[in-house]
Amino acid sequence: QTPEEQQQQQHAKGALPPVVTHAAQPTVRTSLDNSKAAASKTVVVDLKAAAESRGQLPDMPPSLLGQISNTLKAWSRRLSSKMHMLQVSDRFSEKPIMVGKRRLKRYRRDIIIMLLPLVIWFVLLLVIYIVSVESQKELRRPMVNNYLADRLHARTTRAIADAHELASLEDTEEISSFIELHESMAASLEHIYDALLYGHEENKRDMDFISLDGTLFDGKETEDLFFHPDPTCHVKYQPERYCYEPGHPYYQVTHNAIDAMMQRLFDELHALMATDPEEIAKDGVGGAQMEYIWNVGFYNLAGAQEDASEFYSHQLEKATVEVLNAMIALFAIMWVLLAAYYYFLFNPFKHHLQHELRQVSEMLSHMPADMAVEATVAKAVGLEDHLLNAGAKGGRPVGK
């Protein structure tokens, strides 16, 4: 029987519902349908490949940004491979290490205790270096003041010597030439003196090469040295002759500190340079200006300037000793801390580690000889792949 007849018999018996089947209708495709199907297809053409095959598009080098990107990608791949080989991520992970059915908890307390003092020590070393550099910068000011005081003393004696040479000339033409050559002598000396007391000024051409702060208001000692009356005689040579008593014309000017003598010296130098050459040749070294310049300037003023130079030298020495003592103290503290670290942390830790190594050695001596102890330990600490790579490069195989 055919399948249709079997289904009709079962339907008659009440088993299955009637099923009507239709034969597949043949599909007739026209030329229009074929053109639509062809148009619906997507064709992808690689223009670059086609152009290169024809020789129309040359090879373009990658841009600078592309080269940097490729280099960074290559370095990233190398770094990731190295980190994977050394298992860096596993070492810094806080997850416990699984060895079979056992869980090994990570313990970093000893590492922190040993490394934290060293980190503090290195930070202290950096602080000491910074403090030393800053302290040495503070020495610039007293050093410059000391240099400027010595320069003032040297320039003052030079001006007195030039004035004496001028007064010793007898030819008026030579005197005129000398005055033209040294016409700025008094102004230059005044610039140095003002720079020492009041600091740097733009119009002080002789001191433009250095930055100055001035010393007048550094303390009461500096004010007394330059402005306050002083009964002390500063003459270094022949004091019995040039230390004037009360009532002498030069007594007041020589006992009113350095500034009074310097201002009088400036006035006398300017007056000497403005004197007629014939009058200078006539008076010689016995003129009124030369009398003050030599008797007061060369003895009293020069002696007071020597005392001022000594005062600034003591200030520089004091500042240098303070900085040096601070640096020595910090250096000593650094080494004391390092010694304390060795005797109180590193040395006990070393003995404790030796004791633990002895215990581990005793435990390993009881293990079977055929057990791969080294491989087990490497697996526990996360160095199994690293030791395998080392063995592959010529080292001893792990666990042998």
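Start by looking for charged pairs: a search of the whole structure turns up 5 salt bridges, a salt bridge being a side-chain nitrogen of Lys or Arg within 4 Å of a carboxyl oxygen of Asp or Glu. Before you click further, note that this is a predicted model, in which local features need pLDDT of at least 70 and side-chain atom pairs count only at pLDDT 80 or more, while totals for chains, interfaces and linings use all residues. Residues are numbered from 1 along each chain as its sequence is written, and side-chain values use heavy atoms, with hydrogens and water left out.

**Stop 1: salt bridges within a helix**

Select Glu-134 and Lys-137, whose side chains meet in a salt bridge at 3.7 Å, N to O. Both belong to helix α6 (residues 109-138) and sit 3 residues apart, about one turn of the helix. Helices here are DSSP runs of H or I with at least four residues, strands are runs of E with at least two, and both are numbered from the N terminus. An α-helix has 3.6 residues a turn, so residues three or four places apart point the same way. Glu-134 is partly exposed at 42% relative accessible area, whereas Lys-137 counts as exposed at 54%; buried means under 20%, exposed over 50% and partly exposed in between, using a 1.4 Å probe and protein chains only.

Next, select Arg-264 and Glu-268, another salt bridge, at 2.9 Å from N to O. These two are in helix α13, 4 residues apart, again about one turn. Glu-268 is buried, with a relative accessible area of 13%, and Arg-264 is partly exposed at 30%.

**Stop 2: a salt bridge across the sequence**

Now pick Asp-307 and Lys-236, where the closest N and O atoms of the salt bridge are 2.7 Å apart. Asp-307 lies in helix α15 and Lys-236 in the loop between α10 and α11 (239-242), so this pair ties together parts 71 residues apart in sequence. Lys-236 is partly exposed, at 39% relative accessibility.

**Stop 3**

Cys-233 is in the loop between α10 and α11, and Cys-243, 10 residues apart from it, is in the loop between α11 and α12 (251-254). Turn the view to the S-S bond: at -85 degrees, the link is left-handed. Cys-233 is partly exposed, with a relative accessible area of 28%.

**Stop 4: along helix α15**

Color residues 288-365, which form helix α15. At 1.5 Å a residue, its 78 residues should span 116 Å, and its end C-alpha atoms are 109 Å apart, which agrees; the expected span is 1.5 Å times one less than the number of residues. Center on Gly-297, where α15 bends by about 45 degrees, the angle between axes fitted to the seven residues ending there and the seven starting there.

**Stop 5: the nonpolar core**

Finally, show Leu-166, Ile-258 and Leu-269, which touch the most other members of the largest nonpolar core, a set of 48 residues. Such a core consists of buried Ala, Val, Leu, Ile, Met, Phe, Trp, Tyr and Cys residues joined through side-chain atoms within 4.5 Å. Elements giving two or more residues to this core include α7 (140-168), α13 (257-274) and α15, and α15 gives the most, with 10 residues.

Methods:
Disulfide = S-S within 2.5 Å.
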